[in-house]
Amino acid sequence: MVSVRQFVARMAKTFYVTTAIDYTNSPPHIGHAYEKVLADVIARYQRMKTDADGKRRKVFFLTGVDQHGQKVQQSAAKAGVPPAEFVKGITQKFVDLWKRLDVKYDEWAETTSDQHKKVVQGILQRLFDAGQIYKDKQAGYYSVRQEQFLTDKERGPDGEFGSEWGQIEFREEENYYFKLSDHKKWLLDYLERRDDAVIPDFRQTELRNAVEKLTGDLCISRPKSRLDWGIELPFDKDFVTYVWFDALTNYISFAGYTVGEADSFLYNSQPSTFRDKWPALQIIGKDILVPAHGIYWLIMLRAIGFSDDQMPQLLVHGWWNLGGAKMSKSAGNVVDPFALVEKYGADAIRLYLTGAIATGEDADFSEERLWTHYNTSLANGLGNLVSRTLSMVHRYLRGHLRKVQGQQSTKIASSWLNDVEQWQLAGETISYSEDFDGGSHKTPDGKVFPLPKFQVHSAVSLVMETIARCDRAIEESAPWKLAKDPTKAEELARILYSLTEVIRIIAIWISPVLPKAAHGIFDQLNWKMELSGNEERFSLADAEWGKLPDGHVVGKPVPLFPRIETTD
């Protein structure tokens, strides 16, 4: 495969990150929460960065809901209310959950909006006029659950369709089709030229294998006689568009993309408000890479004139399973995130969801492990370190930090603390940033290996390792003993300054994952109080050693994470 260095994707002025939009046929579960929290963590990290001119990086984070479709229509009918009323109530549950989890998006997508409808219909009309959409009749077996016709390749070894397809029925129906197969060669070539089109790389291999097997075109409509809850086709009022051109188009329709004359569909003819954002990083679950995003979406963009360097990058995450099985509304094995937030708090849920699963992999959800994670990493870890350090600063230094001159040469009782200082001074923030941004690692024999992007769990591990180093430094240096010896005053001052300075840097590092706790730490440090509660309080540029001035007065410690004694 050709190296990505030979393929240069367009770099937008604004970092644009999207999630999949959630289907509004039932309330959100913990699987929905994982994806949105992951995106929020990445967005918050990007907001901490500064551009070459010293200004904060612009970030645009889009999430939302898919309010159309047959399942929604059926759920509304079962509830005895019109679809518009039904989706309004479910949509509010998603909005409420993201607020509870401190998911800070910049734009909210609802597919019933007039602007979205205009963009969808404009794209469909253009592709119809260009001969990319045609009408045909199809007869075959239809999955009611997945809302698609099935072929023999979906049959199992026994010749039957698997249970994942749900109710199967034979249908004969006239519909409109998009010429998906016309673009198969282009997509294969694109995936050959760009080796980071999909992250992690094994998902790109999975996508390429699926594209090689691609046959046939894509059905993009449903007759109003059986589905009228959708966006009407602009060229045939007896049909609505089905799923793909409605749901997937939200990524551009809510980012400023416009439709007008034929040439306005081209990227270079779009307003700067859109061009400054695109292309996006799109965070999706592994179940909707193939075919929805990896095939349908990329080909749709290609068909309306987007070039290779204007294609989005797909970050594919795994699943939080329950008892080894995927969480599913239809299966009923879901975890209520509202109840978890009420019990453990938003920060604890955010930490567990992003720190206990490797990006791209699956993990099994367990409230017992969540409880253990809370007490070990937060109550006994971060919270305890902040509390005991600030308590000692007040007890031994009356709350005033002393920045001892020539600190690195000061004799010190703790080799662990010396490691902490050297670790920070050596630029460990670079390692933290590489967990998000990627990079490269050179082995002793000169080989260079790329480091993957968006490894949030690795960034969390780095923070936890730093906390553990500080705990060891406290035990080894024993400030309570040094305080009894007047000749050890400078050594004591150095130890407490260093510990407090590490805590300040930890607060910056952890702020994308634990925004409330990070503000709580800065408040207790009495640091940047003029920005209290403001996300601009945290900057990667400030994550360098020695920012706390001599004589700085810290605040009194307040418990950040009280222990939770039981999961009951």
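Student: What should I keep in mind about the numbering and the values?

Tutor: Residues count from 1 along each chain as its sequence is written. The model is predicted, so local features need pLDDT of at least 70 and side-chain atom pairs count only at pLDDT 80 or more, while totals for chains, interfaces and linings use all residues, and side-chain values use heavy atoms, with hydrogens and water left out.

Student: Okay, why is α2 called roughly perpendicular to α3?

Tutor: Check the angle. The axes of α2 (residues 70–79) and α3 (residues 83–100) cross at roughly 95 degrees and come within 9 Å. Axes are lines fitted to C-alpha atoms, for helices over the stretch in contact, with angles from 0 to 180 degrees between N-to-C directions. Under 35 degrees counts as roughly parallel, over 145 as roughly antiparallel, 65 to 115 as roughly perpendicular and the rest as oblique. So α2 is roughly perpendicular to α3.

Student: Which residues meet there?

Tutor: Val72, Ser75, Ala76 and Ala79 of α2 meet Pro83, Phe86 and Val87 of α3; contact means heavy atoms within 4.5 Å. The tally is six nonpolar, one polar and no charged. Nonpolar covers Ala, Val, Leu, Ile, Met, Phe, Trp, Tyr, Cys and Pro; charged covers Asp, Glu, Lys and Arg; the others, Gly among them, are polar.

Student: How do you know that β5 and β7 pair?

Tutor: Two strands pair if DSSP finds at least two bridges between them. Strands (E, at least two residues) and helices (H or I, at least four) are DSSP runs, numbered from the N terminus. β5 (residues 133–143) and β7 (residues 168–178) have 11 bridges, in the antiparallel sense, and Ser143 is bridged to Ile168 in β7. β5 also pairs with β6 (residues 148–150), antiparallel over three bridges.

Student: What makes a nonpolar core?

Tutor: A core is a set of buried Ala, Val, Leu, Ile, Met, Phe, Trp, Tyr and Cys residues joined through side-chain atoms within 4.5 Å. Buried means under 20% relative accessible area, exposed over 50%, partly exposed in between (1.4 Å probe, protein chains only). The largest core has 103 residues, and Phe365 is among those touching the most other members. Helix α18 (residues 489–510) gives the largest share, 13 residues. A second, separate core has 65 residues, including Phe7 and Leu127.
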